[in-house]
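Have a look at the sequence and the coordinates first.

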Amino acid sequence: MSQKVAVLGTGKIGEALLSGMIRAGWAPSDLLVTARRPERAEELRARHGVTPASNAEAAKTADTLILTVKPQDMGTLLGELAPHVPADRLIISGAAGIPTSYFEERLAPGTPVVRVMTNTPALVDEAMSVISGGTHATDDHLAHAEEIFGAVGKTLRVPESQQDACTALSGSGPAYFFYLVEAMTDAGILLGLPRDKAHDLIVQSAIGAAVMLRDSGEHPVKLRENVTSPAGTTISAIRELENHGVRAALIAALEAARDRSRELASGSN
């Protein structure tokens, strides 16, 4: 943890990562940040004790550069960084859909690149971060990325060829659950419940179900069957979900998300 780490383009996820790293034992003095607006950089300094820097200063000073800018801004950022990044710097990209080869082609030959897909639960230290190494990334580089992103949740190594599928399931995944909670809340209101009570019922049910999935070791089918009594309320609801093709719709939705991730990787708008 004595290495210097720079977070470039520090938005909400970047700040969550900084905060998690500090709680995990990184010294704020070893953390650099860059931001588009000077006042944002000063805000991060005041809140976390980290050091604001320019992109060029960060590239020259930090051992690891974590790039958290939006995918459409990555080309501009790399053009600014390339003259200042030695080949021994570790580059960690958090930009959805951009392959490691994109960075390798624009930086010094041999530069190690690690691609990370994380998600918004990083804001509450419950992220799922999926990690893949580029051509020059070693096990040590991957382990370092795991150490960093492990500060805000769980990590998983996968071949880069699986990143688009992981983006569909996990990167976009929280939105699917929020969508489901929204629909169930509307149903609760239709059934006569006040919105706040419907919301509380659904959120706690979701938390409880998630903990059971995580901790019980049981297959989700088994957990569902435990709730599904013969001729009861649950099986009546499940029948309607099947009649309306909810399972098929979910599969189609995730395929669409994966395909869009591939389009973004290829440069399609």
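What follows is a set of questions and answers about this predicted model.

Q: What makes His 48 count as buried?
A: The relative accessible area of His 48 is 15%, and the cut-off for buried is under 20%, so His 48 gets the label.

Q: Which side chain does the side chain of His 48 make a polar contact with, and what makes it one?
A: That would be the side chain of Glu 15, at 2.8 Å. The limit for such N or O pairs is 3.5 Å, so 2.8 Å passes. His 48 sits in helix H2, and beyond its sequence neighbours up to four places away it touches Glu 15, Ser 19, Ile 22 and Pro 28.

Q: How do you know that the length of helix H1 is close to what is expected?
A: H1 covers residues 12–23, twelve residues in total, and spans 17 Å from first to last C-alpha. At 1.5 Å a residue you'd expect 16 Å, so the two values are close.

Q: Which residues touch the most other members of the largest nonpolar core?
A: Met 21, Ile 66, Ile 92, Val 114 and Ile 148 do, out of 25 residues. Several elements supply at least two residues each, including E1, H1, E2 and strand E5 (90–93). H6 gives the most, with four. In general, nonpolar side chains tend to be buried together in soluble globular proteins.

Q: What is Ile 148 in contact with, leaving aside neighbours within four places in sequence?
A: Ile 148 contacts Val 5, Leu 17, Met 21, Trp 26, Thr 64, Ile 66 and Ile 92.

Q: Why is the pair Arg 115 and Asp 164 called a salt bridge?
A: Their side chains meet at 3.8 Å, N to O. The limit is 4 Å, so the pair qualifies. Arg 115 is in strand E6 and Asp 164 in helix H7 (residues 163–171), so the bridge ties together parts 49 residues apart in sequence. Both Arg 115 and Asp 164 are buried.

Q: What makes Arg 258 and Asp 259 a salt bridge, and are they buried or partly exposed?
A: The closest N and O atoms are 2.8 Å apart, and the limit is 4 Å, so the pair counts. Arg 258 has 25% relative accessible area and Asp 259 has 32%.

Q: How many salt bridges does the structure hold?
A: There are 21. One of them joins Arg 195 to Asp 186, at 3.8 Å from N to O.

Q: Which residues does UniProt list for the dimerisation domain, and how much of the span is helix?
A: The unreviewed UniProt entry gives residues 160–264 for "domain: Pyrroline-5-carboxylate reductase dimerisation". In the model that span is 82% helix and 0% strand, with its end C-alpha atoms 15 Å apart.

Note on methods. Residues numbered from 1 in each chain as written. Predicted model: local features only at pLDDT ≥ 70, side-chain atom pairs only at ≥ 80, totals over all residues. Heavy atoms only, no water. UniProt positions renumbered as here; feature names shortened; annotations may be inferred. Core = buried A, V, L, I, M, F, W, Y, C linked by side-chain atoms within 4.5 Å. Buried < 20%, exposed > 50% of the residue type's maximum accessible area, 1.4 Å probe, protein only. Contact = heavy atoms within 4.5 Å. Polar contact = N/O pair within 3.5 Å; in protein donor to acceptor, adjacent residues only side chain to side chain.
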